[in-house]
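The sequence and structure come next.

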Amino acid sequence: MSKCSLCGNKIQELYLEKLKGTIIRKAGSSKQYPVCFECQKKFPTKTELLAQIK
Ligand SMILES: [Zn+2]
């Protein structure tokens, strides 16, 4: 089960409830970062989301 890269919430449960969430990827990296709907709302652009990932 994937967890949100930002807040640590379990995304699969959010998917079932809301059918929302996303997966982002850093440029030049194949590593994927799942992000839940709540964090997607807080940081609406991919640029902002990527800036939150360490
Ligand atoms: Zn989150």
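Glutamate 38 sits in helix α2. This residue counts as partly exposed because its C-beta atom has 15 C-beta neighbours inside 10 Å, whereas 20 or more would be needed for a buried residue. Once neighbours within four places in sequence are left aside, glutamate 38 is in contact with Cys7 and Asn9. Its C-alpha lies 8.0 Å from that of glycine 21, a residue 17 positions away in sequence.

The model is a predicted one. Mean pLDDT over the protein chain is 84, and 85% of the residues reach 70 or more.

The protein chain contains three helices and two strands, and their order from the N terminus is α-β-β-α-α. Strand β1 (residues 22-25) and strand β2 (residues 32-35) run antiparallel and are joined by four bridges. One of the paired positions is arginine 25, whose bridge partner in β2 is glutamine 32. The two strands form a hairpin with six residues between them, and glycine 28 in the turn has a positive phi of about 80°.

Isoleucine 23 belongs to strand β1. Is isoleucine 23 buried or exposed? It counts as exposed, because 11 C-beta neighbours lie inside 10 Å and the limit for that class is 12 or fewer. Beyond residues up to four places away in sequence, isoleucine 23 touches Gln32, Tyr33 and Pro34.

Cysteine 36 is placed in the loop between β2 and α2 (37-42). With 26 C-beta neighbours inside 10 Å, cysteine 36 counts as buried, since the threshold is 20 or more. Buried residues make up 17% of the 54 residues in the protein chain.

Which residues form the largest nonpolar core? There are six: Cys4, Leu6, Ile11, Val35, Cys36 and Cys39. In soluble globular proteins, nonpolar side chains tend to be buried together. Leucine 6, from this core, touches Val35, Cys39 and Gln52 when residues up to four places away in sequence are not counted.

Lysine 46 is found in helix α3. It is partly exposed because 13 other C-beta atoms lie within 10 Å, a count between the limits of 12 or fewer for exposed and 20 or more for buried.

Contacts across the sequence can be viewed in two ways. For the chain as a whole, residues 24 or more positions apart account for 37% of the contacts with a separation of 6 or more. For individual pairs, the table lists C-alpha to C-alpha distances.

| Pair | Separation in sequence | C-alpha to C-alpha distance |
|---|---|---|
| Cysteine 36 and serine 2 | 34 residues | 9.7 Å |
| Lysine 46 and threonine 22 | 24 residues | 10.0 Å |
| Glutamate 38 and glycine 21 | 17 residues | 8.0 Å |
| Isoleucine 23 and glutamine 40 | 17 residues | 10.0 Å |

Key
Residues are numbered from 1 along each chain as its sequence is written. pLDDT is the predictor's confidence in each residue, from 0 to 100. Two strands pair if DSSP finds at least two bridges between them. A nonpolar core is a set of buried Ala, Val, Leu, Ile, Met, Phe, Trp, Tyr and Cys residues joined through C-beta atoms within 7 Å. Two residues are in contact if their C-beta atoms, placed from the backbone, lie within 7 Å.
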